[in-house]
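Take a look at the model below.

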Amino acid sequence: MLKNVCVFCGSQPGRLPEYEQAARELARVLIAHDTGLVYGGGHVGLMGALADAMLGGGGRVTGVIPRHLMRPEVAHQGLTELVVVDSMHARKRLMADRSDAFVVLPGGYGTLEEMFEMVTWLQLRLQSKPVGIVNVEGYYDGLLRFVENCAGEGFIRRADWDLLIVEHSPALLFERLELHAAHVARSHPARGAIDRT
Ligand code: AMP
């Protein structure tokens, strides 16, 4: 059902070993479902750990990287496919087009920006692919409280405040994303592609 999943995650490894463990666990889940990974194409931090775990387990990995990040020390050289694009915007668009759902692991500004852009497209009905967070060791608790606050203060509609699907484990999150994608496919067979962004 989920042929490819796009993952946003840190270009740093983060403080806790659990972050990298979650990236490796996510790779196992994707491989077990024969789901390919689409990601930012780097070999640094959690991104690199995730790509390496996918490739080490025989999984498919597509990296999408802007030319300016293409220096050999940051681009992963061993991917199934590496697509080089001209801008950060073109990259996000292509990563979204090439995948059926989005998964967010711990990360910094880049990860948050990518996640919120996809949720915004979802909110505006520009796309219908689900966005899920692996909330490793409560990393996103503070952010989720803030999103709840945004809804409470009237800046996020009640109907939209649970657009983010949150689970602690990659396996549970994957199941929920699959259910969501199956539901969308049944109720809106023509949707799923980003066509008005
Ligand atoms: P951050 O969370 O700020 O570390 O940024 C991570 C996100 O930004 C990833 O999902 C990537 O799409 C992008 N990104 C940041 N650094 C790199 C890099 N060195 N190579 C490829 N993509 C990167």
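Predicted model: local features only at pLDDT ≥ 70, side-chain atom pairs only at ≥ 80, totals over all residues.

Residues are numbered from 1 along each chain as its sequence is written, and side-chain values use heavy atoms, with hydrogens and water left out.

The largest nonpolar core holds 31 residues. Such a core is a set of buried Ala, Val, Leu, Ile, Met, Phe, Trp, Tyr and Cys residues joined through side-chain atoms within 4.5 Å. Buried means under 20% relative accessible area, exposed over 50%, and partly exposed in between, with a 1.4 Å probe and protein chains only. Val-5, Val-7, Leu-37, Leu-50, Val-103 and Leu-105 touch the most other members. Two or more residues each come from β1 (4–8), α1 (17–32), β2 (36–39), α2 (45–56), β5 (101–104) and α6 (170–187). Helices (H or I, at least four residues) and strands (E, at least two) are DSSP runs, numbered from the N terminus. Helix α1 gives the most, with seven residues.

Leaving aside neighbours within four places in sequence, Val-7 is in contact (heavy atoms within 4.5 Å) with Leu-26, Leu-37, Val-38, Tyr-39, Leu-50, Val-103 and Leu-105. A second, separate core has 21 residues, among them Val-38, Met-118, Leu-126 and Ile-133.

Met-118 sits in helix α4 and is buried, at 0% relative accessible area. Beyond four places in sequence, the contacts of Met-118 are Phe-8, Lys-92, Ala-96, Phe-102, Gln-127 and Val-131.

Now turn to the ligand. Which residues come nearest? Of the 18 residues around the ligand, they are Ser-11, Arg-91, Gly-108, Thr-111 and Glu-114. A residue counts as near if one of its heavy atoms lies within 4 Å. Helix α4 (residues 109–123) supplies the largest share of the shell, four residues.

A ligand nitrogen is 2.7 Å from an N or O atom in the side chain of Arg-91. A ligand oxygen is 2.8 Å from a polar backbone atom of Gly-110. A ligand oxygen is also 2.6 Å from an N or O atom in the side chain of Thr-111. The protein covers 86% of the 490 Å² of accessible area that the ligand has on its own.

Ser-99 lies in the loop between α3 (88–97) and β5. Ser-99 is buried, with a relative accessible area of 1%. Its side chain reaches the backbone oxygen of Met-95 at 2.6 Å. Ser-99 also touches Asn-4, Val-5, Cys-6, Val-38 and Lys-129, not counting residues up to four places away in sequence.

Last, the cysteines. Cys-9 counts as buried at 7% relative accessibility, and Cys-150 counts as buried at 16%.

How values were computed. Polar contact = N/O pair within 3.5 Å; in protein donor to acceptor, adjacent residues only side chain to side chain. Areas by Shrake-Rupley, 256 points an atom, 1.4 Å probe, with all protein chains shown as cover.
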